[in-house]
Amino acid sequence: MNIHKIREDFPILSRTVYGKPLVYLDNGATTQKPRLVIDSIVDEYYSVNANVHRGVHFLSQQATELHEASRETVRQFINARSTREVIFTRGTTESINLIVSSFGEEFMQEGDEVIVSVMEHHSNIVPWQLLAARKGIAIKVIPMNDKGELLLEEYENLFSERTKIVSVTQVSNVLGTINPVKEMIATAHAHGVPVMIDGAQSIPHMKVDVQDLDADFFVFSGHKIYGPTGIGVLYGKEDWLERLPPYQGGGEMIQSVSFEKTVFGELPFKFEAGTPDYIATTGLAKALDYVTGIGLDPIALHEHELTVYAMQRLKEIPNMRIFGEAEHKSSVISFLVGDIHHLDLGTLLDRLGIAVRTGHHCAEPLMRRLGIEGTVRASFAVYNTKEEVDALVAGIERVSKMF
């Protein structure tokens, strides 16, 4: 894999920040976009822009073909059985809210339970809390050990006859922990309980096969995997999606409407009210094709080597505290150095051209479990290099001396 050739595909990586070369290590928040994704967005607006599905004219039919071809690209990428199981949303957050709303409405009553983990992103906590306020459901939390690994025996003990669904992240956006979701799904299914997997942090870094996982629902965002913002995916097993009520009403999601009765459309359109972002779906498909072209195995190997190297280098720094040392870890490293506030460290690294994320990373319950307010987070992508890790380490050492 030629990293320097890959970097040439991402125009933004050649810019400078405060007169320094950009070192972009905030990929957990969003990835940069390759030229072919940006070009596809521009090209479609210039040459094919028309609303999809409803039009008989040439442009509308062309746009519809591109949009539905993108759905097939997603289906292949995650190995869903059918495009009927691929719902386009605005991102992971909307996908989770859709399931919480529709599943909660149909299948959960007061006193019923959802199981989540201590390392969830707020987008997999707050929607359940809103449902709890509305319907009186209970939220049960899988604990973890100090390395950042979920305690699977404790997880099994959380199930009761009131457990209706499990909703967990495949990869922690703070710790980088890769959770054994296939095993966790099997456990849930043994109790007759469906599972939703948050794949926002796993989809760019590893092969995801929803049939192999046997996930009932799987959600991810386009912008985390080199695609546009504002587009995401909800995969759901067809039999589950057929049973769920629509999340939103409007155009596109209906078969017929009268003032007496509405008949909803077929899958996947039942869950896609209004005009979809058909430009972004093409951009997402191009991004997935780009990743497929490089190969997820080479990407995973490169990012693993980079993470191992970064962990070794960071541990050379005096007073370094790294949070999350699970045996199975993705390309995310959260850390603090001595008593330096995470915001100060991040701000000063920025002046050196190094982009990292600081704060609680939308995971405040996890921060409380760790006994801290926040961390600095470096997260890697396919285009990052060992030289950039060295720049990060040199930057931290320089900032440390100032304190």
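**Exercise 1. Charges over rings**

Task: In this predicted model, determine over which ring the charged end of R351 sits, and how far from the centre of that ring.

Solution: Begin with R351, whose charged end is placed over the ring of Y18, at 3.9 Å from the ring centre. Then turn to R243, where the charged end sits over the ring of W240 and the distance to the centre is 4.4 Å. Both distances can be set against the cut-off of 6 Å from the ring centre that applies to such an arrangement.

**Exercise 2. An aromatic cluster around F10**

Task: Find which residues are linked with F10 into a cluster by ring pairs, and describe the geometry of the pair that F10 forms with Y226.

Solution: The search of the whole structure gives 10 aromatic pairs. One of them joins F10 and Y226, with 5.8 Å between the centres and 65° between the planes, and it is edge-to-face, because planes over 60 degrees apart fall in that class. In the chain these two residues are 216 residues apart, F10 being in the loop between α1 (3–8) and β1 (16–17) and Y226 in the loop between β9 (217–221) and β10 (232–236). With a relative accessible area of 1%, F10 is buried, and Y226 is likewise buried at 1%.

The next step is the pair of F10 with Y383, which is edge-to-face with a centre-to-centre distance of 4.7 Å and 65° between the planes. This pair also links distant parts of the chain, since Y383 lies in the loop between β17 (375–379) and α14 (386–402), 373 residues from F10. Y383 is buried, as F10 is. Taken with Y290, the residues F10, Y226 and Y383 make up the cluster that ring pairs link together.

**Exercise 3. Backbone exceptions**

Task: Identify which residues are joined by a cis peptide bond, and decide whether N79 counts as buried, partly exposed or exposed.

Solution: The bond between L267 and P268 is cis, with omega at about 0°, and P268 is located in the loop between β12 (262–264) and α10 (278–294).

N79, which is not a glycine, has a positive phi of about 60° and belongs to the loop between α3 (58–78) and β4. Its relative accessibility is 30%, so N79 counts as partly exposed. A positive phi, near 65°, is also found for N319, in the loop between α11 (296–314) and β13 (320–323). N319 has a relative accessible area of 59% and is therefore exposed.

Key: Residues are numbered from 1 along each chain as its sequence is written. This is a predicted model: local features need pLDDT of at least 70, side-chain atom pairs count only at pLDDT 80 or more; totals for chains, interfaces and linings use all residues. Side-chain values use heavy atoms; hydrogens and water are left out. Rings of Phe, Tyr and Trp (its six-membered ring) pair if their centres lie within 6.5 Å; planes under 30 degrees apart count as stacked, over 60 as edge-to-face and the rest as tilted. Helices (H or I, at least four residues) and strands (E, at least two) are DSSP runs, numbered from the N terminus. Buried means under 20% relative accessible area, exposed over 50%, partly exposed in between (1.4 Å probe, protein chains only). A charge sits over a ring if NZ of Lys or CZ of Arg is within 6 Å of the ring centre and within 35 degrees of the ring normal.
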